[in-house]
Amino acid sequence: MVRSKPEEKGLLPLGAGDAADGAEPAAESGGVIAAKAMHMPAFWALVVFCGIITLNQTIYQFLPSYALSFSSSLPQVAAASGVVASAAMAGQAIGKVLLGIVNDRSLRAGVFVGMGCGVAGVLVMWLLPSTLALLLAGAFLFGIVYAQTVVQTPLLVRYAFGSADYPAIYSRVSMAGSLMSAVAAVFWSLVIDSAGGFPLMFVLGIVCMAICLASALFAIAHKAEG
């Protein structure tokens, strides 16, 4: 149903006729093809990154439930459950711009900033929920790592494999996120309903971000040559 290149359908790329008539062909973009990329460790590191960062971002859906869990002890926090989710979405919106600026200067710095904000946000929400302002600040910080799902993943793919076959490579990497999104909500529901509850959710969230940090740095260090 879908082809990556015109040649796979027996066609020539747009402008190929002009090149045959003597026009100078455009320079090819640097990078590797998808078939080659899929045999590289960096590709599978980015598959792990995309899948786990998608799992981690789904925690956002349970922040209102987390606030409501304090209905008996901290009714003012429970009453602001909807605002907590809004704070996370605000962090996501601003995080996209922030991460874009940071990544323009350093891809590694972008990864560290995103994961650092996410870990800080989780710790604040977990350890300091009694102060509504801090809970909202934690949700906002978590929203920044949420933004890494749509900002960091494509940048990492392009950096690791170049632009030559970027659409095909990115589509394969992003499949991990699509598959994970199908089970992530069920996974976190089971975690919350377990004996560990919300604290276990936050601990696993930190573990997810640590895995994402390691896999992103691995992909950067093992970028393809060519």
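Start on the surface: select Val48, Leu200, Val203, Val207 and Ile211, and you have a nonpolar patch with about 330 Å² of accessible area together. You are looking at a predicted model, so keep a confidence colouring at hand for a later stop.

Now show helix H10, residues 197-221. This helix gives the patch its largest share, 4 residues. Zoom in on Val207, which lies in H10.

Next, go inside. The largest nonpolar core has 60 residues, and Phe161 and Met201 are the ones that touch the most other members. To see where this core comes from, select helices H2 (34-37), H3 (41-57), H4 (63-68), H6 (81-105), H7 (107-127), H8 (132-161), H9 (166-193) and H10; each supplies at least two residues. H3 brings the largest share, 10 residues.

Which residues does Met201 touch, leaving aside those up to four places away in sequence? Display Ile59, Phe62, Trp188, Val191 and Ile192 around the Met201 side chain to find them.

There is also a second, separate core of 5 residues; select Leu99, Cys117, Ile144 and Val151, which are among them.

Finally, colour by confidence. The chain has a mean pLDDT of 89, with 92% of its residues at 70 or more. Then pick residues 23-28, where the pLDDT is below 50 and the stretch has 2 contacts in the model beyond near neighbours in sequence. Where pLDDT is low, predicted coordinates should not be read in detail.

Conventions
Residues are numbered from 1 along each chain as its sequence is written. This is a predicted model: local features need pLDDT of at least 70, side-chain atom pairs count only at pLDDT 80 or more; totals for chains, interfaces and linings use all residues. Side-chain values use heavy atoms; hydrogens and water are left out. Patches are made of residues with over 30% relative accessible area and no salt bridge: like charges are joined within 9 Å, nonpolar side chains (Val, Leu, Ile, Met, Phe, Trp, Tyr) within 5 Å. Accessible areas come from the Shrake-Rupley method with a 1.4 Å probe; for residues, only the protein chains shown count as cover. A salt bridge is a side-chain nitrogen of Lys or Arg within 4 Å of a carboxyl oxygen of Asp or Glu. pLDDT is the predictor's confidence in each residue, from 0 to 100. Contact means heavy atoms within 4.5 Å. A nonpolar core is a set of buried Ala, Val, Leu, Ile, Met, Phe, Trp, Tyr and Cys residues joined through side-chain atoms within 4.5 Å. Buried means under 20% relative accessible area, exposed over 50%, partly exposed in between (1.4 Å probe, protein chains only).
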